[in-house]
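Hi,

Here is the structure I said I would pass on. Please have a look, then read my notes below.

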Amino acid sequence: MIIKSTWNFFFHCLNSIVTEVLKGLHSKDYIPSLKPKPTANMGISVGKHVDAQGRIYLPYLQNWSHPKSVIVGLIKEMIDKFQEELPLYSLSSSDEARQADLLAYIAKITEGVSDINSKNWANHENKTIKKITVVGGGELGVACTLAISAKGIADRLVLLDLSEGTKGGMMDLDIFNLPNVEISKDLSTSAHSKVIIFTINSVGSSQSYLDVVQRNVDMFRALVPALGQYSQHSVLLVASQPVEIMTYVTWKLSAFPANRVIGIGCNLDSQRLQYIITNVLKAQTSGKQVWVIGEQGEDKVTKWGGQEEVMSHNSQVQLSNRAMELLRIKGQRSWSVGLSVADLVDSLVNNKKKVHSVSILAKGYYDINSEVFLSLPCILGTNGVSEVIKSTVKEDPVTEKLQSSASSLHGLQQQLKL
């Protein structure tokens, strides 16, 4: 009998078996290889049948010969061998109903029943597994991977390294083998992700700022449609720079609804600003929130939330100015941006309904009529942006600043070749 701690392992194995065997169904020399991925609650128990990467070694696999070798025989040997030596450890409490279904599934296969639709299991896994993909193996991509891994947000975390050769950070990740992190150059490994994070940026000298942005657009043109196709229900989170432009480009290339394409925007600045006001300046705001909104860089502005005037407008302006002065001395290093990205991913995959200042389609807000992306306070959940926090007080300076940013962004977008 298969004991409780191995049910999810067999679940991954069955999907791998079906996929691998179908690949080489008509090839005499084909030998299937199995490397199921454990979830966040499992660790690989290295032994004579499983290596540190989770690869399975069994006599039946090594002696595979088509058409004599069959799936039923392989599963029987797996059951026999893994009763002696468990392949996984430290699995937390499991779902009894799903375990019973899985055991019934294995029993039917070993009895020769052929009418089981294995796709049902794959579909179920795709809906429940919190899979995240980070696109780009540079410093920011590695920082995002480490931050998300540290927070334990993802059941599976794929890092797509699209560069030539192996960089230092990528090599170290490969060497030290973080749990549930897979490094790949194959876009298909991103399939069925809940969130896809874009961190790639153009490098090298260029004649103009427009040339740099256009090179980023060219990279995105080759990636976004394919990745969107592999994960059609995902949220696309853009951290590449300039974030407002690249979020717009991602939206256009993916054809996703606007609520599921967002940029990291001013989330980091907003979190820092709130911390400075509360913990550094020790200001009493009676729980009233303040966000940095608009365009990343010098044109960003502060926006206070809440309907009640707990503080006078002049007091808000003075406090915001003092906090912004302190904020300006803070840089945005890769690790801090990575932590901000992990914060956003946590709200998205865990449906936290938390307010963040992120880059969204700003058309229709602050009398903006063009299709541009600017940071506005939004409630984030599983489906991306569920609500935009609208202003209850008209502030002409804020509106003018956002409209100015929208105009310059729209002008640059018109010069890009999508």
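**What turned up**

The accessible surface of the protein comes to about 20,500 Å², and 51% of that belongs to carbon and sulfur atoms. Keep in mind that this is a predicted model.

Overall build first. The protein has 13 helices and 13 strands. Of its 418 residues, 50% are buried. I also looked at contacts between residues at least 6 apart in sequence: 70% of them join residues at least 24 apart.

Next, helix 9. This helix covers residues 243–254, 12 residues in total. From first C-alpha to last, helix 9 reaches 16 Å, close to the 16 Å expected at 1.5 Å a residue. Helix 9 is mostly covered, with 11 of its 12 residues buried. Among the buried ones are V243, E244, I245, M246, Y248 and W251. T247, V249, T250, L253 and S254 are buried as well. Just after helix 9 comes A255, with a positive phi of about 65°.

I175 sits in helix 7, residues 168–176.

Last, the cysteines. A disulfide is a covalent bond between the sulfur atoms of two cysteines. How many disulfides does the count come to? The count is 0, with a pair of cysteine sulfur atoms within 2.5 Å as the cut-off. Two cysteines to find in the viewer are C144 and C266. C144 is buried, at 0% relative accessible area. C266 also counts as buried, at 0% relative accessibility.

Best wishes

Definitions and conventions
Residues numbered from 1 in each chain as written. Predicted model: local features only at pLDDT ≥ 70, side-chain atom pairs only at ≥ 80, totals over all residues. Heavy atoms only, no water. Helix = DSSP H or I, 4+ residues; strand = E, 2+ residues; numbered from the N terminus. Buried < 20%, exposed > 50% of the residue type's maximum accessible area, 1.4 Å probe, protein only. Contact = heavy atoms within 4.5 Å. Areas by Shrake-Rupley, 256 points an atom, 1.4 Å probe, with all protein chains shown as cover. Expected span 1.5 Å × (residues − 1).
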